[in-house]
Amino acid sequence: MDKPDDTLIMRARDFWASIGLIAISTFFLWKTSDIPLWGENRAGVSGSDWYNSAAIVPLFIFGGLLVLSFVLLAISIRSGGAQHAFSALGIGWDKSEAYRASTIGLILLAYVVGLVPRVDFILCSGLLITALTYGYYGGHARRALVACIAVVVAGLFAFAVFPAQADWNAHGDDWFTLALWVALTLVVLTKAASERVLRFVPLVAILAPLILVCAMAFVFRQNVPARGGLIFKQIEYHYYVTLRPLWKD
Amino acid sequence: MDFILSQLAGFGTAFVGLAVDPLTYLYLIASVFLGITFGALPGLTATLAVTILTGFFGNKIPLDYSLIALLGAYVGAIYGGSYPSILLNIPGTAASAATAMDGYPLAKAGRGGEALGLTTTASFIGTVIGTITLLIFVWVLLLVSKNIASPEKALLALFGILLSGTLMSEDLVIKGWIAGLIGLAMSMVGLDPLLSEPRYTFGWSYLMSGFQVVPVLMGAFAIPQIIDGLTHVEAGKVLALKGRILPNLRSIRRYLPTIGRSGVIGTGVGALPGVGEDVAGWVSYGVGKTVSAEGDKYGKGSLEGLLCSETANNACIGGALIPLLVLGIPGSPPAAALMGAFKINNVIPGPTIDPEIILRVVAILVLASLTMFLMGLFTARVFIKILAIPQTIFLPVVMVLTTIGSFSVGGGINDLYLMLGVGAVAYFMNLMKYPIAPLVIGVILGSLFDETFRRSLFLSDGDLSVFFSRPGAAILLVLNVGLILSQLPVAKRAFSRLKGLSV
């Protein structure tokens, strides 16, 4: 089978997108029925007219979305998208691109959901920067896998061992992440002899999160993730106890 | 005359107030530098620069400094996009896509320095044209906008979403409208603005206050950019810069009519709600090609063609701020990010905005464009070196910036989950060629639309004629309906038949 052109690929993707959109808009239209529409009591106030309802605008939006989704489905079918929608070639499935995108997605998921709430921000961001730079510089599939495993294992460990918010200040996951970061950095440095860019990775991975978190916490005086983290806790302590009195006094 | 003089006096006071403050320069230099860097690095955009700085500076420093940082980055990034367009043949931002058409052939012909110098000058003049227009027209529109009531506001918000959906779709127009509706739908989450009725909260207390603007902006603009940038490894070869960057006055004088025309076009396009710098660049390029005596040279290394797009995209900045400041409707995607910054600072852009803020915005734009001009002429070689930095070094740091910026705005860890969720949706929308800007504009304008639409119905006791009995509302209703009808296949066929007859 010949590879279809880009427009046909797009119409095949539109076929699935329109079906997804029809399902979503139908679900939310059904959910909108929870909001009183005709003269029911709402927010403690008895109303009698349809135009008082908080459901009017959502009905208009999800109704519009449903109509547009059907129009998109019709366009897709008429353009031949439906015929191509059931084959990988038809929807323009690119295995290597999907592999890279899904490993990046997993890394970001592990970072945001597993690491950022629980692990010291400097440590987890250092690991992220090292992993993303090493994994995706130059387009090596095996490196992407190593990077993905490093971050996902750290994220899963933090998530599984310290699931409850009460335990987020514990340091076991910090040490584990640090160990993984050091290991990955050593791997990066072994490759740095032949790839000059990789020599700067450890420096960027330490400095960027360190500067950002310190600027946010001490210059802008804002909340930062995992204040009780292994490294940030020490920085905060010495900032207020050792450094600040120097100019405050 | 008195009116213009009083505006100039107000502007002068605001300008001097900012100019004598040393901190102004610190924020200006840092933000313009960062903006040019973001613009120069393919894969990072002006919207991303403003979005990230919104998370970082949005509500953490006084509003003036926050605006300096955001507007400085905005001006710098739109200009910075010209570097890779000219030297790599890859537009640094969508706004500079038309620039590459003539910029790269010029650099290949050994005229890269001349092209960069004139581009810098044209971008400066373009920004100033847009800024002056903003200074004058914003007041006229503010006077008119006093008569704008709920029905007009609702229809205007809808028009902004529809128009951005129509003009920003790369593929089918319907995809732009769907993106806008998804944005509107997202803005429905939380307590409704009139009766505090909870909608789509699924029992999660975090959702009671609705989707926060900054995590949505970060998710929609930053996450897909990061995934896309890391997925597609494209290393272009930077052409060596030849020739003097400092332009001579004779060539500036020669191209002044082109620069002036493009500045006016850019400002006009920017003033349309929801239409961004990329459209301004292409429209100006198209007009230039039609009216210019050397139109046949466009695309083959014409300085005029280069200046058409580069002037217009920078002039668009001032234009895009007109609907934002007057009506509370962003004129471009970066302006939508800017609106997020206003919101988290409790400044509501629109007819009730403090006029002092507008004067300060104008003064900041002038200062930012001057900083950009000087940096562009005297430190261009630094930015050319930056072009050599691989995206894979820069994007992970952007991810960390995005995370901490999103976290610190207020909602904590839940904001990060929201950012990631919106990012995943935006990534798939990008894959299927749905424009993201209408979604963000929908999220930002959704509550305005909801509130004003329902208030109109409240006040008229459910009488729908309120949307066409008032002259302003009637015009806007016709525009909305006309925009939808113009995209129907029947209308398109009729248009093309008419076009054929006129030829």
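Domain bounds here come from an automatic or database domain assignment. For chain A that assignment gives domain 1 (6–84) and domain 2 (95–248). The centres of domain 1 of chain A and domain 2 of chain A, taken over C-alpha atoms, are separated by 40 Å.

The model is predicted: local features need pLDDT of at least 70, side-chain atom pairs count only at pLDDT 80 or more, and totals for chains, interfaces and linings use all residues. Residues are numbered from 1 along each chain as its sequence is written, while chains are lettered from A and ligands numbered from 1 in the order in which they are written.

Chain A holds 9 helices and 2 strands, where helices (H or I, at least four residues) and strands (E, at least two) are DSSP runs numbered from the N terminus. From the N terminus on, the order of the elements in chain A is α-β-β-α-α-α-α-α-α-α-α. The radius of gyration of chain A is 26 Å, well over the 18 Å that the globule rule gives for 249 residues, so chain A is more spread out than a compact globule. That radius is taken over C-alpha atoms, and the globule rule is 2.2 Å times the number of residues to the power 0.38. Along the principal axes, the C-alpha atoms of chain A fill a box of roughly 65 × 65 × 35 Å. Of the 249 residues in chain A, 39% are buried; a residue is buried if 20 or more other C-beta atoms lie within 10 Å of its own, exposed if 12 or fewer, and partly exposed in between, with C-beta atoms placed from the backbone.

Helix 1 (residues 6–32) of chain A has 27 residues and reaches 37 Å from its first C-alpha to its last, close to the 39 Å expected at 1.5 Å a residue. The expected span is 1.5 Å times one less than the number of residues in the helix. Among the buried residues of helix 1 of chain A are A:Met10, A:Phe15, A:Leu21 and A:Thr32. The buried residues of this helix pack against helix 2 (56–78) and helix 3 (81–84) of chain A, together with helix 9 of chain B. Helix 4 (residues 95–115) of chain A has 21 residues and reaches 28 Å, close to the 30 Å expected. Its buried residues include A:Arg100, A:Ile104, A:Leu108 and A:Tyr111. The cover over the buried residues of helix 4 includes helix 5 (121–136), helix 6 (141–161) and helix 7 (172–192) of chain A, together with helix 10, helix 17 and helix 18 of chain B.

Chain B has 22 helices and 2 strands. Its radius of gyration is 22 Å, close to the 23 Å that the globule rule gives for 503 residues, so chain B is as compact as a globular protein of that length. The C-alpha atoms of chain B fill a box of roughly 70 × 60 × 50 Å along the principal axes, and 60% of the 503 residues count as buried. Two residues are in contact if their C-beta atoms, placed from the backbone, lie within 7 Å. Of the contacts in chain B with a separation of 6 or more, 79% are between residues 24 or more positions apart.

The contact between the chains takes 57 residues from chain A and 47 residues from chain B. On the side of chain B that touches chain A, helix 17 of chain B gives the most, with 12 residues. The residues of that side divide into 32 nonpolar, 7 polar and 8 charged. In this count Ala, Val, Leu, Ile, Met, Phe, Trp, Tyr, Cys and Pro are nonpolar, Asp, Glu, Lys and Arg are charged, and the others, Gly among them, are polar.

A nonpolar core is a set of buried Ala, Val, Leu, Ile, Met, Phe, Trp, Tyr and Cys residues joined through C-beta atoms within 7 Å. The largest such core has 236 residues, of which A:Leu127, A:Val151, B:Leu70 and B:Val440 touch the most other members. Helix 13 (residues 303–327) of chain B supplies the largest share, 15 residues. Domain 1 (6–84) and domain 2 (95–248) of chain A both give residues to this core, so the core lies between them.
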